[in-house]
Amino acid sequence: MTAAEGLWAYAVLSGGSADSRTNGLRGVANERVHVITSGDLATAVGTVPLSRFGEEALRHNLEDLDWLAATARAHDAVVSQLAGSGPVVPLRMTTVFLAERGVTDLLVQHADDFDAALRLVSDRQEWGVKAYADPQALVSEPESAAKTSGTAYLLRRKRELSSKEEAYRVASDAARRVHETLTLHAVDAKRKPVSDQSLSGRTGSVVLNGTYLVDNSNVAAFRCAVDELAETIAGIDLDLTGPWPPYSFTGDVVG
Amino acid sequence: MMNDPTPARDSWDSNREVALVDLLDRVLAGGVVISGDITLSIADVDMVVISLRTLVSSVASWMDGRGDGHDAAHP
């Protein structure tokens, strides 16, 4: 590694099989992914040019959506393939070390945390479930035959005004039910902040951005539960994504 | 209702399609954050969050421009 290069870090894994697990993987700069080992732990890294992945370059490049998308997908591809061959603790994207020493120091200083994190995610997968609610679909307007009287009109008008508020209440309740039910099928669960609506390109409101750490042996049951909820709860759409590497469940363990 | 085509990833295959928003939600907001002088300060949460906020408005048009139906339909 030269002074013009850095080490882009992907994930921490057990040291024993790390070499074979990273064998053949290409990273964000199409570089060969290799491992830096310390004790029983290893970090999967790639040597990248700082002209493109150094601090200044990154600040600039992160604003470029093409670059961000391609880099995120390349980063995730490495982490996901590692997750496919065993337990893995993902590091946040854009963790760049300037020297190999930094990587080994990290493994030494946080060895116990990384061990605990690897145990936590062993034989488990992360699955995401988003719920979209269409407020209009949630509250049906009762159509009465005669609405001629002034009182009937006022009542109807009042109902219309409160229906939107009511719809959001119903949607939040539905989201809570979905999350509570799915949590029963998971070893850990989180409600993540709802992504900005303008990112979604969908009309329904996101009422749940849930993510779940599920035992491999329980994934089928978890997916069945999602299907069942999708069928039984009216006015709500569910999107299932996964399996993900345990991106959302390892940050608390190490640090 | 279950939305049609959101492909739950059946495998860890790197070629699968994953909605960009769900991906960024995890790789930029999840994972272990290393702090201290051994790293560059890029992994700083605030910086990434701010950066993404500035991107929000352009993301939609960028996706539209791509005709990237999958990402647009499934955040």
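I began with helix α6 (residues 111–121) of chain A in this predicted model. I looked up its buried residues and found F114(A), A117(A), L118(A) and V121(A). I checked the arc they cover around the axis: it is only 100°, so they lie on the same side of α6(A). On the other side of α6(A) I noted D112(A) and R119(A) as exposed.

Next I looked for the packing partners of the buried residues of α6(A). They pack against β1, β3, β4 (89–90), α5 (100–109) and β6 of chain A.

I then followed β6 (residues 124–133) of chain A. It runs antiparallel to β9(A), and 7 bridges join the two strands. Within β9(A), T241(A) is the residue that stands opposite G128(A). I looked up burial along β9 (residues 236–244) of chain A and found 9 of its 9 residues buried.

I turned to the largest nonpolar core, which has 36 residues. W8(A), Y10(A), L82(A) and V27(B) touch the most other members. I listed the elements that each supply at least two residues of this core: β1 (5–14), β2 (33–38), β3 (41–49) and α4 (65–83) of chain A, together with α1 (20–27) of chain B. The largest share, 10 residues, comes from α4(A).

I took L82(A) separately. Leaving out residues up to four places away in sequence, L82(A) touches A11(A), L13(A), R21(A), T22(A), L25(A), A44(A) and V88(A).

Terms used. Residues numbered from 1 in each chain as written. Chains lettered and ligands numbered in written order. Predicted model: local features only at pLDDT ≥ 70, side-chain atom pairs only at ≥ 80, totals over all residues. Heavy atoms only, no water. Core = buried A, V, L, I, M, F, W, Y, C linked by side-chain atoms within 4.5 Å. Buried < 20%, exposed > 50% of the residue type's maximum accessible area, 1.4 Å probe, protein only. Helix = DSSP H or I, 4+ residues; strand = E, 2+ residues; numbered from the N terminus. Contact = heavy atoms within 4.5 Å. Pairing = 2+ DSSP bridges. Arc of directions from axis to C-beta.
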